[in-house]
Amino acid sequence: MVFDAGADHPVSLGGLSGRGMAVAGPHAGGWTAQRDPRPIVEVLASGTGSNDNRLTLVTTVAGSKLRFAGARATGPASVDDGAPVGGTEPYRLEITQFAPYDQLRPAGRPLDSADPAAARRLAEAADPAVSGSGSGSANATSNGRAGNDYAVNAHDCGDCADTPAPADGLTDGLTVVSVFEAFPGLSAVRAYTVLRSPKPLPVEAVSSLSLTLPLDANGATVDSSRLYWGDNAWAVENDWHCAPLRDTAVRERNQRINPGESSSRFALSSASTWSTGSHQPAGIVEALADGSADAASTAGRASGSPVFSVMWQIEHNGAWEWEVGENDPGLHVTAFGPEYQDHQWFTSLGKGNDFTSVPVLFAVAAGDWQHAVGEMTLQRRALRRAKAAELGRLPQFERSQGLVVYNDYMNTLFGDPRLDKELPLIEGAAKAGADVFCIDAGWYDSTDGGWWDMVGEWEPSTNRFGKAGLAGVARVIREHGMGLGLWLEPEVIGVKSPLAASLPDDAFFTRHGVRVCDSGRYLLDFRSPAAREHVSRTVDRLVDEFGVEFFKFDYNTIPGTGTDHDAESVGGGLLDHCRAYLDWLDDVRRRHPDVMIENCGSGAMRADCAQLSRLDLQSTSDQCDPLIYAAIAAGAGLTILPEQQGNWGYAQQEMDDETAVLTLASGVLGRLYLSGFINRMNDTRLALVRDAIALHRRVLVEQERLVPWWPAGLPDFTGDWLTAGLRPVDGADASADASADVAYVTVWRRDGLPYVDLNVPAGRTVKQIFPAPSAFGHAPQARPWSVERVDEQTVRLIVSDDSRPSARIFAVR
């Protein structure tokens, strides 16, 4: 990252490069700075607003008045050659800017919101002969995984890398610190913003990430760029789309005739605590070589081929917004947590009221969108490992990575657990080889129907589990060699629960003086000590009394915009609650390091990176149809780690072989989440389930060396064919371990042509491994598919029976 830090303009990002890209920056020689780079932070202050009322979030007055004040670079205490890529401590670059109060007074709109001198200033900064003009740069570079060589340097800013940023001395104005964190060897960054002001200063929005993309340096343009985004809804999660940017809201308006900042933008947001309930807090821009660009700047790539890709993901369990917009010329990605216009959030800075924005991750790499996803996958893994180290549970984290969970809900008991139903399922799950048996919703319901609006006390049912009760069922589960899991929705209290009357009002979300109620439930406000004490006591009791080793934390009700109790704004109350909930999760993990926790938010309505960095498993959907589930599983890898993708495998005895194979195949390369009436299976069908688990365990051992892979391109949610796999990390050393060079791919055919073509380079072989041809008798109707090489880059898979949907898993060596 190359920052332009001049004395007469805010710090901006003039250069960016990642794995496989030419190194950007004046030190590289002959580099190309991006024209019209955006400021690295935007601050929308209530009293000054924006310079352009068409672009209120990305042309802020306060942001434009900031000036470079200092920078500081720090890193881990030590980085050994043998240390794992990612590590558990990041490098950190802090850039401090300052704007005095007299510059933050209301003023008229500039006649030209564009800055035609920006390119000239960057060109001067790139030339050491003219760098004395007052422009400088702070530069963070990574040389990638080879040798774990990583350095953070600050150039031309008074040895600022070795001295603290002078934030403490800036007392008569707004201080803004932009923080960038990068784990060793990764081409990815975690960014957030810190605001300080000794006097009251109301702020309605602050960016966590303001990224200018390096189109000029890579021979790309807005016209030659593509955008990827994901839509989410209950039971149809992970619906990803791709379109040329010019086919989205970022339209060509002819900037030569209409110069200046364009108000065309592609923006997505989420308004409450279902952080992935409508859209993914993530996106990708893929820049393609433009035919009109200088051939030398495209690094020899053919016109129309991807030159680099950038992916971003907002790390927050509440409200958020991101946008992609056009500069003059160029392209920016700006990401926020909550803001005032869409989320009713603001904060009044002042003494003792600093503000830190929600974090945003981004990854950049040469090549197409899949390379950016691969880098982001490594970043998510590094964050999980760092969080486990912070919480003191690395050994338990490692152990839980290989456990297989059976849950009695999906396409099975659907929230009606009873002793006569559970005992056969327990025996069946043990025979299949599960490590954990989870009793889902209803284990606390003694009224045969009140499990929704009477929840909250979390006492075991008195009439579902016989004389021995839940403790007896837990004992049977342990006798079968499995750990007990329980479903829990800790953040709600049913309106008919006795706790609704005993807990104080300030334990709940309130607005306008009354408790917020949704679907017969009140929502706990985790800012409240009473609320946290109640849920902590519940978890402790269930662990101590029943020996719970696994919790499925669900979240089926949301509080809307937030709470106005003891809050500057309803959005502010919501943000503080979301952060308090994450703190509570951290506390639970410290106190019960051996307990696994699944994140379930009414399926995957809250599958955000903030929670996934702390938890073990993510339900990817509540979808009951295995054909639709295939699409959900195929797209999950864009935002969820493979080892966290809880893809349901609910095979049933009455299914034909092809359907049973298809539903099991959806989970094997992720985190196979078993369900179904496994007790009703004959030996043949049970053997097929055991085959899937055996392969899954083999994959689990290798997963941390693998990243998602889509050899037939982005999954089409309604398409006939779907593919999703795992491939070795770019540059992985196969000599150390023979399995390090093995890739896997699941292929589903739902309809259409009897064959599909995959991008598999020459020299690689493709072999079916599930169902294994050597175990043909476990699924005799599911005959092996044929594999043919079409050309040096293409392998064709041909189904054995095109009369019904089917799926197979292949190893690529």
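In which loop is Tyr650 found? Tyr650 sits in the loop between β32 (645-649) and α14 (657-668), in a predicted model in which local features need pLDDT of at least 70, side-chain atom pairs count only at pLDDT 80 or more, and totals for chains, interfaces and linings use all residues. Residues are numbered from 1 along each chain as its sequence is written, and side-chain values use heavy atoms, with hydrogens and water left out. The protein chain holds 15 helices and 41 strands; helices (H or I, at least four residues) and strands (E, at least two) are DSSP runs, numbered from the N terminus.

**Overall features**

- Of the 813 residues of the protein chain, 62% count as buried; buried means under 20% relative accessible area, exposed over 50%, and partly exposed in between, with a 1.4 Å probe and protein chains only.
- The accessible surface of the chain is about 28400 Å², and carbon and sulfur atoms account for 50% of it; accessible areas come from the Shrake-Rupley method with a 1.4 Å probe, and for residues only the protein chains shown count as cover.
- Among contacts (heavy atoms within 4.5 Å) between residues at least 6 apart in sequence, 73% join residues at least 24 apart.

**Surroundings of Tyr650**

- Tyr650 counts as buried, at 0% relative accessibility.
- Beyond its neighbours within four places in sequence, Tyr650 is in contact with Met410, Asn411, Gln623, Cys624, Asp625, Pro626, Tyr629, Met655, Thr663, Ser675 and Gly676.
- Tyr650 and Leu672 are 22 residues apart along the chain, and their C-alpha atoms are separated by 9.8 Å.

- Helix α13 (residues 626-635) is largely enclosed by the rest of the structure, because eight of its 10 residues are buried.
- The buried residues of α13 are Pro626, Tyr629, Ala630, Ala631, Ile632, Ala633, Ala634 and Gly635.
- These buried residues pack against β12 (239-244), β32, α14, β35 (721-728) and β36 (743-749).
- The axes of α13 and α14 come within 9 Å and cross at roughly 25°, which makes α13 roughly parallel to α14. Axes are lines fitted to C-alpha atoms, for helices over the stretch in contact, and angles run from 0 to 180 degrees between N-to-C directions. Angles under 35 degrees count as roughly parallel, over 145 as roughly antiparallel, 65 to 115 as roughly perpendicular and the rest as oblique.
- The crossing of α13 and α14 is left-handed; a crossing is left-handed if the near helix is turned anticlockwise from the far one by less than a right angle, and right-handed if clockwise.
- On the α13 side, Pro626, Leu627, Ala630 and Ala633 meet Thr659, Leu662, Thr663 and Ser666 of α14. By class, this contact comprises five nonpolar, three polar and no charged residues. Ala, Val, Leu, Ile, Met, Phe, Trp, Tyr, Cys and Pro count as nonpolar, Asp, Glu, Lys and Arg as charged, and the others, Gly among them, as polar.

**Helix pair α10 and α11**

- Helix α10 (residues 529-546) and helix α11 (residues 570-591) have axes that come within 11 Å and cross at roughly 30°; the two helices are therefore roughly parallel to each other.
- α10 passes α11 in a right-handed crossing. Arg532, Val535, Ser536, Val539 and Asp540 of α10 make the contact with Trp584, Asp587, Val588 and Arg591 of α11, a set with four nonpolar, one polar and four charged residues.

**Backbone features**

- Asp328 and Pro329 are joined by a cis peptide bond with omega of about -5°, and Pro329 lies in the loop between β16 (320-326) and β17 (331-336).
- A cis peptide bond also runs from Phe770 to Pro771, with omega near -10°; Pro771 is in the loop between β38 (766-770) and β39 (786-791).
- Asn411, in helix α6 (residues 409-413), is not a glycine but has a positive phi of about 55°. Asn411 counts as buried at 17% relative accessibility.
- Phe414, in the loop between α6 and α7 (419-432), has a positive phi near 50°. Phe414 is partly exposed, with a relative accessible area of 41%.

**Lys767 in strand β38**

- Lys767 lies in strand β38 and is exposed, with a relative accessible area of 56%.
- Leaving aside neighbours within four places in sequence, Lys767 is in contact with Ile809, Phe810 and Ala811.
- Lys767 and Tyr744 are 23 residues apart in sequence and 9.5 Å apart in space, C-alpha to C-alpha.
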